[in-house]
Amino acid sequence: MLKWSVSLLLSLPLAACGQPATVAPTAGQTAPTALLTPQAQTSIRNADPSVLRAGSTYYSVESDGNNIYTRAAGSVDGLAAAPRVLIWAGARNLPNVWAPEIVREPVDGRYYIYFAAGDGGGGQRMYMSSSASPGSGYSDPQRMALPDDRWAIDGTAFTFGGARWFVWSGWAGTTNGEQNLYIARMNTPTSTTGGRFIISQPREGWEQADPSPPTRVNEAPEPVVDPGGQLHIVYSANGSWAANYCLADLRLSSGDPTNVWAWYKSNGCLFGSNGNLMMSGWDPTLNVNGPGHHSFVLLNGDVSTSPPSGSRFPMMFHAVPKSLNYTWGNRSWYSGTFMWWGNTAYTRGPGNGPTSNTGWSLKFFE
């Protein structure tokens with residue numbers, strides 16, 4: 001069955017100060033008003049996909065809560081039929097294995113899987129395992145010594161501006177209530193240097209849509225570089241336990257990624273199923289509820305290999321079909337696409353820096 005993709009800009013977004021902000025395609029980019037794509041639910045009944053392309057082969061990693069598996073296929077959609085290969089069993093006193101993320105380090109050429117494990121509560125911490133091959137041969141996991149040693153999940157490493165970085169979701173202190181996004185420099189693929197720096201807190205109304213539990217959530221950060229060379233961190237907002245889960249964007253205006261004031265946040269969800277939470281000009285999904293915790297399917301996982309203007313590129317995300325109740329057990333992996341969307345203003349309240357920044361945003365397609 002075919003569906004209509006969300007695409008046409010029906011209205012201009014309102015800035016935080018109440019003034020209209022311009023959203024339009026960049027030069028040479030047109031609004032795809034009637035793109036038809038097939039329903040993209042896979043048979044993988046799981047959450048938190050992570051996929052990269054190595055040569056002509058696509059590799060994914062996933063967890064069943066205790067173990068980590070890889071899959072390999074000649075296409076993104078082919079991953080669902082590929083056998084799961086066990087690469088690590090969590091019987092080594094590391095339960096609650098969450099959200100493994102596979103990346104390739106450009107200097108040493110090795111593949112690294114970052115994941116969280118612990119007691120499922122305040123003891124969750126980030127771990128790392130590496131291999132010369134994306135599909136097998138991974139080392140015993142090592143715990144990462146992140147700054148401040150606080151609760152941490154959904155971490156991933158990337159290279160930008162000639163430096164290594166690590167970004168993750170964590171708590172400010174030792175108790176739950178708010179999951180923030182943090183970034184730190186890395187001096188090796190396995191260790192950070194210096195402090196951790198907050199880059200996003202779930203303080204906007206559309207990031208606080210879940211009345212219960214009271215936890216406010218920013219998680220699952222995924223870095224990617226736009227056609228102009230600027231860094232973005234696309235993340236999941238709201239709780240993964242409800243259909244308000246969605247994708248939003250942080251855009252680095254310029255300068256140091258550790259400077260929170262250099263980041264501008266989209267004024268609403270960019271990919272979600274609740275129309276009241278969407279950024280103006282972005283439409284809700286038609287077939288799924290709560291799309292989130294995505295993976296940009298990039299060559300070698302390199303954040304600088306995203307599509308040029310006007311092109312669509314594969315991605316994976318998890319969601320629940322609208323025909324089913326929204327529960328963790330009903331989540332499936334979906335193959336979708338994304339494209340860059342130019343000349344988009346993100347606005348914020350007064351502080352250290354301009355209240356508006358215009359640049360690239362993203363469109364997502366089921």
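Does F313 count as buried, partly exposed or exposed, and at what relative accessibility? F313 counts as partly exposed because its relative accessibility is 21%, where buried means under 20% relative accessible area, exposed over 50% and partly exposed in between (1.4 Å probe, protein chains only). This is a predicted model in which local features need pLDDT of at least 70 and side-chain atom pairs count only at pLDDT 80 or more, while totals for chains, interfaces and linings use all residues. Residues are numbered from 1 along each chain as its sequence is written, and side-chain values use heavy atoms, with hydrogens and water left out.

**Aromatic pairs**

- The whole structure holds 14 aromatic pairs, counted when ring centres of Phe, Tyr or Trp (its six-membered ring) lie within 6.5 Å; planes under 30 degrees apart are stacked, over 60 edge-to-face and the rest tilted.
- One of them joins F313 and F338 edge-to-face, with 6.3 Å from centre to centre and 80 degrees between the planes.
- This pair links distant parts of the chain, 25 residues apart: F313 belongs to strand β21 (residues 313-321) and F338 to strand β22 (residues 332-347). Strands here are DSSP runs (E, at least two residues), numbered from the N terminus.
- F338 counts as buried because its relative accessibility is 0%.
- Ring pairs also tie F313 and F338 into a cluster with F271, F296, F317, Y334, W340 and F364.

**Charges over rings**

- The charged end of R196 sits over the ring of Y182, 4.1 Å from the ring centre; the rule asks for NZ of Lys or CZ of Arg within 6 Å of the centre and within 35 degrees of the ring normal.
- K363 lies over the face of W282, at 4.1 Å from the centre of that ring.

**Cavities**

- There are 4 cavities of 30 Å³ or more. A cavity is a set of points, on a 1 Å grid over the protein atoms alone, where a 1.4 Å probe fits but cannot get out, and lining residues have an atom within 4 Å of a point. Points are joined across faces, edges and corners, and the volume is the space filled by probe spheres set on them.
- The largest cavity holds about 110 Å³, and of its 15 lining residues, E101, V103, E222, F296 and G301 lie nearest the centre.
- Strands β3 (50-54), β7 (98-104), β11 (152-160), β15 (216-225) and β19 (288-296) each give at least two residues to that lining.
- The lining of the largest cavity has 9 nonpolar, 4 polar and 2 charged residues, with Ala, Val, Leu, Ile, Met, Phe, Trp, Tyr, Cys and Pro taken as nonpolar, Asp, Glu, Lys and Arg as charged, and the others, Gly among them, as polar.
- The second largest cavity holds about 40 Å³, and its lining divides into 4 nonpolar, no polar and 4 charged residues.

Technical notes. Helix = DSSP H or I, 4+ residues; strand = E, 2+ residues; numbered from the N terminus. 1 Å grid on protein atoms, 1.4 Å probe; cavity = no way out; pocket = protein on both sides within 12 Å on 5 of 7 lines; lining within 4 Å.
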